[in-house]
Structure formats: structure tokens, C-alpha cells
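Please look through the notes below alongside the model.

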Amino acid sequence: VSLSDGSMQTVLLPFWIAGVGSIASIISFFAVGTQNDATQQQLNRALHKGTIVGTVLTAIFSGFVTHFVFEDHRSYGQKILGCIVLGLIAGVLIGQVTEYFTSYSYWPTQSIVKSGATGPGTVIIQGLGVGMISTVLPTIILVASIIACEALAGEYGIAIAAVGMLSTLGITLATDAYGPIADNAGGIAEMAHLDHSVRATTDALDALGNTTAATGKGFAIGSAVLTALSLMAAFKKRAGLTENGISVEIDEPVVLAGALIGAVLPFLFAALTMFSVQKAAGAIIMEVRHQFSTIEGLREGTAEADSDRCVAISTETAVHEMILPGLYALLTPITVGFLVGPRCLIGLLGGSITSGMMLAIMMANSGGAWDNAKKYIEIEGASGGKGTEIHKACVVGDTVGDPFKDTSGPALNILIKLMSIVSLTIAPFMQSYSKDWEHWYYGILPLLLLLIGNFIIYVLFWRNEHVVSIESKPEPIHEPDGKPVEHEEETSPMVSMAHDIT
């Protein structure tokens with residue numbers, strides 16, 4: 001509404017675009033299909049058909065919508081259509097780039113497997129390098145889209161491009177959700193001791209799912225950047241910066257200070273979620289060790305494991321550990337905005353968008369590439385297949401990649417959007433700010449809440465944190481003759497379950 005300048009046509013257009021995009025997504029589902037024993041490239045193409053069909057249909061339907069909505073302003077309607085199409089194309093291109101860097105059919109993921117010849121350390125280094133370099137092309141795509149849309153229709157053009165990118169969310173979200181569904185299907189097949197052919201099929205689908213999940217995350221962060229940029233422009237108007245002629249220049253100390261605060265927030269957010277994964281994983285490992293040492297027959301497969309306990313540990317830790325990141329996401333923009341002023345808050349939003357986008361893409365693509373490097377060995381038999389030292393090195397990379405691609409990376413797109421929405425919500429209360437620090441006392445309360453929240457979380461959940469150490473070993477199980485049972489390296493269903501949960 002803030003960017004539409006009061007025009008009912010521009011206010012209603014996003015609803016029409018979202019509606020025709022939903023219809024196009026439903027139709028595109030029927031374009032997805034493949035044959036038995038398909039290769040990874042064939043499976044990728046099958047899902048691409050659905051995405052491309054949905055994108056093309058949405059562009060066609062959007063042409064009809066803009067034709068009728070802007071019947072009296074055909075030239076402006078064509079510019080708006082151009083922005084919608086640019087958003088759709090940007091989404092498809094980001095998906096293609098993500099596939100290249102995460103699918104084991106291409107060089108980047110295969111290079112991680114080759115680096116495993118010298119151990120897990122080089123696997124981690126190569127995976128980080130792949131993730132970092134994978135941010136270049138999505139950045140160029142988004143920059144080109146933003147500049148082109150701004151030239152066509154100003155700030156509203158950028159906003160409607162974000163709507164266009166999100167209009168095919170039906171098919172895009174389906175391909176993203178496909179990954180964890182295939183992963184869980186493989187876990188069920190293993191725990192149910194189904195035929196190896198079933199597990200081979202689910203492994204192939206899981207490898208594809210890693211790529212589609214990374215593609216979905218790249219799509220999500222791209223749309224988050226466009227959306228946050230539009231919300232930031234709306235914030236400037238609602239906070240009165242535009243009307244009052246207050247300048248917001250990056251070379252001004254207050255704005256740059258805000259940008260630095262915003263740039264560090266995604267790293268803080270990612271660090272907190274990584275710590276949370278370590279705590280949950282460590283607690284589950286200790287529980288698994290405890291059950292192996294106390295439940296007779298568990299190692300031999302004659303007794304049932306208490307899987308409910310592992311699920312309870314995972315869910316309880318997840319709820320507890322999200323309190324502190326949530327506090328930072330909600331209270332940081334409120335604190336900075338009221339304590340310093342809207343100019344500093346604008347800098348904070350700009351810094352969080354830029355660093356958050358890079359970090360999210362890097363983590364999602366590194367994690368997907370690490371996971372598929374392991375799958376490349378297991379499915380295709382690369383570098384000697386399972387059980388080799390290279391495979392063990394890639395398993396280490398996959399262990400690091402799971403929290404990258406499944407926890408910290410996806411959380412950053414939520415952080416960017418949430419801080420932008422919170423800032424836009426409090427913008428009307430900042431219209432009285434004519435200079436920085438004018439009403440600093442309003443920021444004391446949210447700052448105190450943030451500090452008190454940190455202290456409470458530390459006391460309740462962090463102070464007595466149990467860290468899994470080398471000394472934390474399971475008690476040995478003894479045979480009737482008194483000899484301890486050697487721990488086997490073969491993965492049991494209990495260990496597989498713990499890995500899947502973490």
C-alpha cells in the first residue's frame with residue numbers, strides 16, 4: 001500500500017498475480033514425471049519441467065491480468081508485466097545455478113569427493129569454497145533484476161518482481177518439501193529392513209531431494225531480498241524520511257554503524273542455531289550411548305530402542321534454543337530504531353539483507369554439496385564406493401553440512417523478512433524523529449528486555465550446558481565370561497535414527 005501511491009489497481013494487482021500463479025502451479029504438477037531407473041540428470045529434468053511450465057503459464061496469465069487491470073494505462077501495464085517476468089526469470093535462474101553447485105552430476109560436488117583423498121579437512125575446505133563461490137551468480141542475477149525493475153517501475157516494480165517470483169510458490173515449495181520426504185522415506189526403509197533395492201531407490205531420490213531443497217532455499221532467499229528491499233522502501237515513507245527530506249547516505253557514521261550492526265546479525269543468528277544443533281546432537285548421542293550400555297540385546301538387534309526419548313530431546317531443545325534468536329530478531333530493530341533513530345535502522349536493514357543473503361546461499365549450497373558428495377560415493381560407487389577412507393571423509397563433510405543447509409541457512413531468510421516487517425510496523429512511531437538520538441529514552445525499554453532475556457536464557461539453558469567430550473564414553477557391555485563387547489563400526493538402526501533426527 002505504501003508503494004502503490006493510493007492506486008487501487010496497484011494495490012489489488014499482487015492478489016491477482018498470486019491467484020494466477022497458484023493456478024499455474026496446479027497445472028504444472030501434471031508436467032512432472034519420469035521413468036524407472038532414471039539418472040540424476042533425468043530426475044532433475046523431470047522436476048525442472050514442472051517449474052518451467054509453472055513459470056511460463058504464470059507469465060502468460062500475468063499478461064492477461066495486466067492488460068485488463070491497466071486498460072487505461074497500457075504503457076505502465078507493460079512495464080509492470082516486465083517486472084513480473086523479470087522476477088520469474090530470476091527465480092528460475094537462481095534455481096539453475098543452485099542445481100549446478102549442489103548436484104553430483106556436475107563438477108563442484110564431484111570436486112569435493114576428489115578432495116576426500118587427503119582427508120576430511122580438505123573436504124571441509126573444498127565444500128566451503130564451493131559454497132562461497134556459489135554466491136556470485138545469484139548476486140549478479142538479483143542485482144540485474146533490481147536495477148532493471150527500478151528502471152521500469154521504480155520501487156513498486158521491485159516489489160511486484162518479488163510477487164512474481166513468489167507467485168509460483170506452489171510448485172517451488174513442492175520441490176523443496178520433496179527433499180525431506182525422500183530422506184525420511186529412506187530412513188523408514190532402513191529401519192524397516194526392506195530390500196536393498198528399495199533403499200537404493202530412496203537414496204537416488206534423496207540425492208535429488210538435496211538438490212531441490214538447496215534450490216528451494218536459494219529461491220526463498222532471493223525472494224526474501226526483493227521483499228525486504230521493498231519493505232525497506234516502504235519503511236522510509238512511513239517513517240517520514242522521504243517527506244521530511246531526511247538524507248540517508250551510507251557515508252554518514254550513523255547509517256554505516258547501523259549497517260555494521262545489521263551485517264553481524266546474520267552471523268550471530270547462524271552461530272546461535274549452530275550451537276543449538278550441537279547441543280541437541282550431543283544430547284542425542286549421549287542418549288544413544290546410554291541405551292546401548294543399558295538395554296540388553298540392543299546391539300544384537302533383539303531389543304527395541306527407546307526412540308521416543310531421542311525425539312523428545314530433539315523437540316524440547318529446538319523449542320528452548322529458538323527463544324534467544326527470536327529475541328534478537330524482534331528486539332534489535334526496535335532497540336536501534338527507538339534508541340538511535342530511523343536512519344540507523346535503515347542502515348541495519350541494509351546490512352542484514354546483504355550479509356544475510358550471502359551467508360544463507362553459502363550455507364545452503366555448501367551443505368547440499370557436502371551431502372551429495374557422500375551420495376555420489378554411495379550411489380554411483382565413486383572413488384571406491386562405501387567404506388573407503390574417502391567415503392568416511394565425505395561423511396564428516398555431510399555431518400557439518402546438515403546444520404548448514406537444514407538449520408542456519410534457511411533461518412536467515414526468516415531473519416531478514418522478520419526484521420523488515422518489525423521495522424515497517426514501528427515506522428509510524430518514528431515520524432517525530434527529526435534528528436538522531438532525539439528520543440533515545442524510548443529505546444531503553446527494548447534494550448533492557450533484550451539484556452534481561454539474554455541473562456534468563458543463559459541461566460536456564462546455557463549455564464549448565466553438557467558438552468559431549470572424549471571422556472564421555474558408553475559403559476562397556478560384558479559377555480557372560482566377563483569380556484567386554486567390542487563396539488562395531490557398522491551403523492545400526494538406532495544410530496541411523498539419531499543421525500536423521502540431528
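**Notes on salt bridges**

1. Glu 389 counts as exposed, at 59% relative accessibility (exposed means over 50% relative accessible area, buried under 20%, partly exposed in between, with a 1.4 Å probe and protein chains only). Lys 392 is partly exposed at 39%. The two form a salt bridge, with their closest N and O atoms 3.7 Å apart; the term means a side-chain nitrogen of Lys or Arg within 4 Å of a carboxyl oxygen of Asp or Glu. Both residues lie in helix α13 (residues 389-426), 3 residues apart, or about one turn of the helix. Helices are DSSP runs (H or I, at least four residues), numbered from the N terminus.

2. This is a predicted model, in which local features need pLDDT of at least 70 and side-chain atom pairs count only at pLDDT 80 or more, while totals for chains, interfaces and linings use all residues. Residues are numbered from 1 along each chain as its sequence is written, and side-chain values use heavy atoms, leaving out hydrogens and water.

3. By the distance rule, there are 10 salt bridges. One of them joins Arg 309 and Glu 287, whose closest N and O atoms are 3.9 Å apart. Arg 309 belongs to helix α10 (residues 307-321) and Glu 287 to helix α9 (residues 253-294), so the pair ties together parts 22 residues apart in sequence. Arg 309 is partly exposed, at 38%, whereas Glu 287 is buried, at 14%.

4. Asp 406 pairs with Lys 405 in a salt bridge, the closest N and O atoms being 3.1 Å apart. Lys 405 is buried, with a relative accessible area of 8%; Asp 406 is partly exposed, at 44%. Through shared partners, salt bridges join Asp 371, Lys 375, Asp 402, Lys 405 and Asp 406 into one network.

Note on methods. Helix = DSSP H or I, 4+ residues; strand = E, 2+ residues; numbered from the N terminus.
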